[in-house]
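Reader: Could you show me how to read burial and charged pairs in a model such as this?

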Amino acid sequence: MKSLGEEGNTKGYTLEEEGNTFFPSSENDSEIGGVTSDNSVESGPLVPWRVPWHELTDAAIGDWRQAARSWLSLRFGYNDAARSLVERVIDARLIGWSEGLGKPWLESHPAVVALRNVEGHVVSAIRRWTAAHAPADGKKVMQLSKKTLGVDTLPPMFLGDVPAAVTAARTGQPIWLVEGEPDWLLYSGLALTREIDGAVLGFPGGGSSSKAWWATLAAAFDGVPVKTVYLATHKDKAGDNYAQAALGVWPHAIRIPYKPGEDACDIARAWGLDE
């Protein structure tokens with residue numbers, strides 16, 4: 001591994017519209033969640049319900065660790081290096097497992113990955129389909145809706161910590177810009193294990209096709225001498241659009257040469273992490 005648009009193009013990413021409300025915590029910027037009741041409209045007012053990110057990720061480390069392990073292995077591969085990487089990703093709490101937690105989490109989409117604003121605070125989350133077969137409705141990934149979060153607008157959201165990436169760039173380390181949650185988890189694991197140097201940021205789906213997303217990213221790095229940027233976008237139409245937008249921010253960025261339809265997890269699964 002060391003060798004290495006326009007609004008509305010969501011590529012299978014869906015903002016769920018549901019009747020829940022988000023209650024942000026004033027005590028912990030990392031808290032995400034919604035409300036729950038007994039599922040009866042006539043049951044009375046909804047009860048505020050919050051899950052701090054560390055509690056959500058505790059689910060992956062506790063009862064559901066094997067489930068998280070199985071899904072990540074399906075994406076990364078089953079050799080020794082991949083198994084070690086899976087454990088690092090889970091131990092670092094980069095992924096949550098929401099099975100059995102109730103709304104706004106989905107039994108059909110139990111893998112959860114945090115979405116952060118440009119200041120690095122968790123403001124939302126992605127819920128992801130984990131079965132080997134594709135869902136019947138094609139909705140592999142569902143972001144929490146604005147209605148669920150109880151907000152009128154959402155800021156540009158990122159996979160990864162933008163302030164940490166800015167700090168890394170100031171010290172001359174590279175930035176890895178990655179498409180999608182599985183590839184972001186893979187590259188973040190490689191950074192944790194020092195297989196790659198630098199900081200990893202990711203596109204969380206449709207939001208990263210907006211001009212505001214790229215403008216926010218560019219502003220965060222304004223005045224920062226970013227020496228090297230690697231673009232790990234899929235070799236398809238959406239990936240081409242992301243790469244083109246990234247080149248508008250960093251014209252010197254280097255795009256990793258995947259084959260058509262290929263991504264990092266495909267390579268890791270088929271050929272191992274050294275590729």
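This is a predicted model: local features need pLDDT of at least 70, side-chain atom pairs count only at pLDDT 80 or more; totals for chains, interfaces and linings use all residues.

Author: Residues are numbered from 1 along each chain as its sequence is written, and side-chain values use heavy atoms, with hydrogens and water left out.

Reader: How many helices and strands are there in the protein chain?

Author: The protein chain holds nine helices and eleven strands, taken as DSSP runs numbered from the N terminus (helices H or I, at least four residues; strands E, at least two). Of its 275 residues, 51% count as buried, where buried means under 20% relative accessible area, exposed over 50%, and partly exposed in between (1.4 Å probe, protein chains only).

Reader: What is the general idea of a salt bridge, and how many does the rule count?

Author: Side chains of opposite charge can pair when their charged atoms come close. The criterion is a side-chain nitrogen of Lys or Arg within 4 Å of a carboxyl oxygen of Asp or Glu, and the count comes to eight salt bridges.

Reader: Which residue forms a salt bridge with Arg93, and where do the two lie?

Author: Arg93 pairs with Asp58, the closest N and O atoms being 3.1 Å apart; this links distant parts of the chain, since Arg93 is in the loop between helix H3 (80-91) and strand S4 (96-97) and Asp58 is in helix H1 (residues 53-61), 35 residues apart. Arg93 counts as partly exposed at 32% relative accessibility, and Asp58 counts as partly exposed at 32%.
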